[in-house]
Amino acid sequence: MTPDPPFGERWALITGATAGIGAAFAERLASDGWHLVLVARDAGRLAAQAAELTGRHGVETETIAADLSTDDGCARVERRLGDAPPVELLVNNAGISLNTPFLRSSSEDEARLLRLNVHAVLRLTLAALRTMTERRSGAVINVSSVAGFGAVMPGSTYSASKAWVTNFSESVGQSARPFGVRVMALCPGYTRTEFHQRAGIDMSKTPEWMWLSAPAVVDEALRDLRKGKLVSVPSWKYKLAVAGLRHAPRRLLDRVARDTRGRIGRDHG
């Protein structure tokens, strides 16, 4: 089972497409001949990216400028997922973290995180699966995180949102399989993107060996999708980390839990 209809007819829709893992998916899929629907908030940046990919790879591109933390933004992308030409691969990559621990956060910021990391993923996955299951063809990759396997960043609700994405993808993936459709959670570790910088999170203390490259994450994700995996954890070092998070005693995890971003201390309550 592969998400590959006849060459020249393949369309993928990528959210958070202008940077990081989303941009790496766009580059890789365009180089493989996929036509693209690119979704992000910045219309100007989207237009430049679309022109560059079309010029370099000769593929068709569409752009949707949308804030997926809003109902209107989600609705715009949902409509495209139900239109022709059909989307054969959805990559739900858009997401945020916050630079403020929960005890000092605001309900508005936390709600926005949930709307983007959870609610948008739910809505767009459902919209895509309605048509994919009818056609009995297609795939969804929901970008989650290794952080979702354990509460290892005190005060961060990001890991809780990603735990939902992983569990949701596994469950929905099992129900979609009989229709020839795959759903997979992609759970990378620290990846060199604009993600932390945009959130204002200081990652300077994170060891060099912990970082992954976005193109390598995408390559492994697509390999795992072709294998029919429900969860993809790129890199052997993060596979070991996930095994530890899943099986280590809870008391041990509580001892070693820390926010490697260096932004939580005693003064935060």
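# Packed helices and local contacts in a predicted model

Helix α4 passes helix α5 in a right-handed crossing (the near helix is turned clockwise from the far one by less than a right angle). This is a predicted model, where local features need pLDDT of at least 70 and side-chain atom pairs pLDDT 80 or more, while totals for chains, interfaces and linings use all residues. Residues are numbered from 1 along each chain as its sequence is written, and side-chain values use heavy atoms, without hydrogens or water.

**The whole chain**

- The chain has nine helices and nine strands (DSSP runs numbered from the N terminus: H or I of at least four residues for helices, E of at least two for strands).
- Of the 269 residues in the chain, 52% are buried (under 20% relative accessible area, with exposed over 50% and partly exposed in between; 1.4 Å probe, protein chains only).
- Take the contacts (heavy atoms within 4.5 Å) between residues at least 6 apart in sequence: 71% of them join residues at least 24 apart.

**Helix α4 and its partners**

- Two packed helices are described by the angle between their axes and the distance between the axes.
- The axes of α4 (residues 107–135) and α5 come within 9 Å and cross at roughly 15° (lines fitted to C-alpha atoms over the stretch in contact, with angles from 0 to 180 degrees between N-to-C directions).
- α4 and α5 are therefore roughly parallel (under 35 degrees; over 145 is roughly antiparallel, 65 to 115 roughly perpendicular, the rest oblique).
- On the α4 side, the residues that meet α5 are Leu113, Asn117, Val118, Val121, Leu122, Thr125 and Leu129. Their partners in α5 are Tyr158, Ser161, Lys162, Trp164, Val165, Phe168 and Val172.
- Helix α3 (residues 71–81) also packs on α4: their axes come within 9 Å and cross at roughly 20°. That makes α3 roughly parallel to α4.
- α3 passes α4 in a right-handed crossing. From α3, the contact uses Asp71, Cys74, Ala75, Val77, Glu78 and Leu81. From α4, it uses His119, Ala120, Arg123, Leu124, Ala127, Ala128 and Thr131.

**Helix spans and buried residues**

- Helix α5 (residues 158–176) has 19 residues, so at 1.5 Å a residue it should span 27 Å (1.5 Å times one less than the number of residues). Its end C-alpha atoms are 27 Å apart, which agrees.
- Buried residues of α5 include Tyr158, Ser161, Lys162, Val165, Phe168 and Val172.
- Helix α1 (residues 20–31) has twelve residues and should span 16 Å; its end C-alpha atoms are 17 Å apart, which agrees.
- Among the buried residues of α1 are Ile21, Ala24, Phe25 and Leu29.

**Asp224**

- Asp224 lies in helix α7 (residues 214–226). Asp224 is buried, with a relative accessible area of 3%.
- Its side chain makes a polar contact with the side chain of Ser232 at 2.6 Å (N or O atoms within 3.5 Å, one able to donate a hydrogen and the other to accept it; residues adjacent in sequence count only if both atoms are side-chain atoms).
- Leaving aside neighbours within four places in sequence, Asp224 is in contact with Met184, Lys229, Ser232 and Val233.

**Two loops around α4**

- Leu98 sits in the loop between β4 (89–92) and α4. At 15% relative accessibility, Leu98 counts as buried.
- Leu98 and Asp109 are eleven residues apart in sequence, and their C-alpha atoms are 7.8 Å apart.
- Arg136 is in the loop between α4 and β5 (138–143). Arg136 and Pro178 are 42 residues apart along the chain, with 8.7 Å between their C-alpha atoms.
- The side chain of Arg136 reaches the backbone oxygen of Pro178 at 3.3 Å.
- Not counting residues up to four places away in sequence, Arg136 touches Pro178, Phe179, Gly180 and Val181.
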